[in-house]
Number of protein chains: 2
Amino acid sequence: MRTDKGTIETGPSLLGGVSLPAAAVFEPALAHNLAWMQAFADAHGARLAPHGKTTMTPALFKRQLETGAWGITLATAPQCRAAFAHGVTRLLMANQLIGEPNMAIIAELIEQGAEVYCVVDSAANVEHLGRYFAARGLRLNVLIELGVAGGRCGCRDLEQVLTLAARIHDQSALVLAGLEGYEGVVKADDGEPAAAIRAYAWHMVEAARALEHADLIKAETALITASGSAWYDLIAEVFHEASLGARFVPVLRPGCYVVHDHGIYREAQLGMLKRQPTIKQGLWPALEVFAQVQSLPEPGLAVVAMGKRDIGADQLPEPLRRYREGGHAEQTLSVAGWEIVKLMDQHAFVRLPAAAVGNGGDEVRIGDIIAFGASHPCLTFDKWRRVCRVDAALTVLEEMPTCF
Amino acid sequence: MRTDKGTIETGPSLLGGVSLPAAAVFEPALAHNLAWMQAFADAHGARLAPHGKTTMTPALFKRQLETGAWGITLATAPQCRAAFAHGVTRLLMANQLIGEPNMAIIAELIEQGAEVYCVVDSAANVEHLGRYFAARGLRLNVLIELGVAGGRCGCRDLEQVLTLAARIHDQSALVLAGLEGYEGVVKADDGEPAAAIRAYAWHMVEAARALEHADLIKAETALITASGSAWYDLIAEVFHEASLGARFVPVLRPGCYVVHDHGIYREAQLGMLKRQPTIKQGLWPALEVFAQVQSLPEPGLAVVAMGKRDIGADQLPEPLRRYREGGHAEQTLSVAGWEIVKLMDQHAFVRLPAAAVGNGGDEVRIGDIIAFGASHPCLTFDKWRRVCRVDAALTVLEEMPTCF
């Protein structure tokens, strides 16, 4: 018996057969984004290891790999296990591997044939990993994380990187396989973020060269990897310009690109298109949540059956289009002036303009279906056990299970 | 194969055998809370239909019913289906039932023997439900929602309630079974929330009497139901004082009480204990998230492997206790002065006092396990596919699946 929300009940359309609220990924935009980012990475001589934590949707991992991705990036050991269980054999855990139960998960994946990379930034963790994997008779690929002062994890300077590399060298069970960073935590003191991101990427290049110079890289081909979904173009450019040769392969790790968004990444893309005038067209937003008006209790207020349990709320979601229940995809109604003013666990408060309660053919009705866009897709995907892949006609092509 | 996070790997303790982060419910506090709230409802002549949306954990629904709950409250049709699939046969959907796919879910539950109540507040919805359930040859119990001006859903005055009751009367497939409200959206213009809550509860009593007087209640025993987990005492008092007789049975619907919290409900309880001097002891916080220090990159900063994907973030979580990995539950280390200053998707930034990086036996180490408390348990439960029920020794007694 299906017990979770968002499953298909009686038919194949978001306007008729699906229990709402439901999350939908539009196939045309999805296909565009998959091809776009792979072409971008290819053009910059980089491998693509999309961050899988965004969607935790094996059907999307499969699409990313089929489009040419080199592997999938993940944030935790259970996420790696989930991806491997669905056929992903090259796993880049862009995070420290802490805790023996998590080490056990990764050890088991390696025993089953997975190629796993994880990140280190402390002698204590290196010593623990070395001891654990030696006892299991396994070797683990590690990347040194280079962070920034005031940032998140990671070594803070080249000296720390080289010292840690020497500690890794002492552990026979560990293979130093490159350098990892995340530019998303770089702060620009002078208000020029692009310059600060470039400087950080060059700092990574410098660290990679220092490791090579000190002959501390054990892997035959090492990785230099960074990039989320906001500044990937600058990371790719610097790694490309640096021409690190055959020794370091750049790996890009954007995750949110696959469905883009209607918030922070839309904003970030405006900046990217401005600084990259040769790129004429960017990513398209592909993820929406469909929900219904459940109450019209007062003039100017619609309560929609969708809340923090259904959609990311870092920013308040944006009404995009409206349909009648049982209607057709091309018959959209206006949401001009509609605005979510409050989001509870299971309810959205939508402020309506005066026209919305009029008596034209366009008036709002109980049961009207609204498509909402959100910022930061990670925090929408994790609300769902299944996401609908739909075509432009809102026909459900596939129910894609998630594995959070 | 287990692919989701938080599952037991190699042993039975949160300090040794469980992949962290993990969410834990403490059995002693859970048992206390279950008994406490049932006794409270009994003492006020009320039935208890705990809101199940908080936990969506069938093992907890079972405990609530075994302790004496009359039914389980839910917010959506898929939630009702999930509860019914796990043995809950009396379902109070404290929300409008919108959309034919959702109506189909409820119709199927009724066909299978469920006793279902849902809420109405508009003629359009009453007409749609009446038509749909008549076509299915079924009868649906409905409760009229009484809201408040500036609030969420619900009729705004007695006239609207009586008009809607007459519409329900016209639908042979609908049974008017009482009145529903939610005091959590009442605003106190004069800064005296308790008085505003009481006034709202008396308004509900007045509406119930008006419905009875107009002979519009069809059900033999009707319900008058309200209350979340913040003001349940005032609702229970007013419904008790009102002595509505055999015709209306009060039903209380707190949800968060079952694990209480370390935030808004802790605050609310302080208010409850103050206005109820005969109650000497309240609910205990029972839900914590255990996570590990993954990086100590700078003096005064610990990065913990726990983020918005793992714990509710309406308020920043609170560090409660610290343990060494592999240690014992009674060997707690200090988190005095520790404070989460930022939460990302998978990381928490914890600001440490100078003492925490010292070299005493208490110094912070990579791998240290921190227990965190959060506000608003609904938004922690929904991050997990399994929650650990543990004893005071942190031994895992049961992995409880959730069904969001």
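The legends below describe close-up views of a predicted model.

**View 1. Helix α6 of chain A and its length.** At the start of α6(A), a side-chain oxygen of A:D157 comes to within 3.2 Å of the backbone nitrogen of A:E159.

**View 2. The buried side of helix α6 of chain A.** Four residues of α6(A) are buried, namely A:V161, A:L164, A:A165 and A:I168. They cover an arc of only 110 degrees around the axis, and therefore lie on the same side of α6(A). The elements of chain A against which these buried residues pack are the strands β5 (115–120), β6 (140–145) and β7 (174–180), together with the helices α5 (123–135) and α7 (193–213).

**View 3. The interface of chain B and chain A.** Each chain brings 76 residues to the contact, 76 from chain B and 76 from chain A. About 5,600 Å² of area is buried between the two chains, with carbon and sulfur atoms giving 51% of that area. On the side of chain B, the residues that lose the most area to chain A are B:R152, B:R309 and B:R385, which together account for 12% of what that side buries.

**View 4. Polar contacts and salt bridges across the interface.** Between chain B and chain A there are 40 residue pairs in polar contact, counting pairs in which both residues are at pLDDT 80 or more, and eight salt bridges are found across this interface. In the salt bridge that B:D345 forms with A:K53, the closest N and O atoms are 3.1 Å apart. Several elements of chain B each supply at least two residues of the side that touches chain A, including the helices α3 (77–85), α4 (100–111), α5 (123–135) and α10 (378–381), and the strands β4 (90–96), β10 (287–298) and β11 (301–304). The largest share of that side of chain B comes from β10(B), which provides six residues.

View 5. A:N95 is located in strand β4 of chain A, which comprises residues 90–96. Because its relative accessibility is 4%, and the cut-off for burial is under 20%, A:N95 counts as buried. Leaving aside residues up to four places away in sequence, A:N95 touches A:A75, A:C118 and A:V119 in chain A, and B:Q294 and B:H347 in chain B.

Notes:
Residues are numbered from 1 along each chain as its sequence is written. Chains are lettered from A and ligands numbered from 1 in the order in which they are written. This is a predicted model: local features need pLDDT of at least 70, side-chain atom pairs count only at pLDDT 80 or more; totals for chains, interfaces and linings use all residues. Side-chain values use heavy atoms; hydrogens and water are left out. Buried means under 20% relative accessible area, exposed over 50%, partly exposed in between (1.4 Å probe, protein chains only). The arc is that of the directions from the helix axis to the C-beta atoms. Contact means heavy atoms within 4.5 Å. A polar contact is a pair of N or O atoms within 3.5 Å; within protein, one must be able to donate a hydrogen and the other to accept it, and residues adjacent in sequence count only if both atoms are side-chain atoms. Buried area is the accessible area (1.4 Å probe) that two parts lose on being put together, summed over both. A salt bridge is a side-chain nitrogen of Lys or Arg within 4 Å of a carboxyl oxygen of Asp or Glu.
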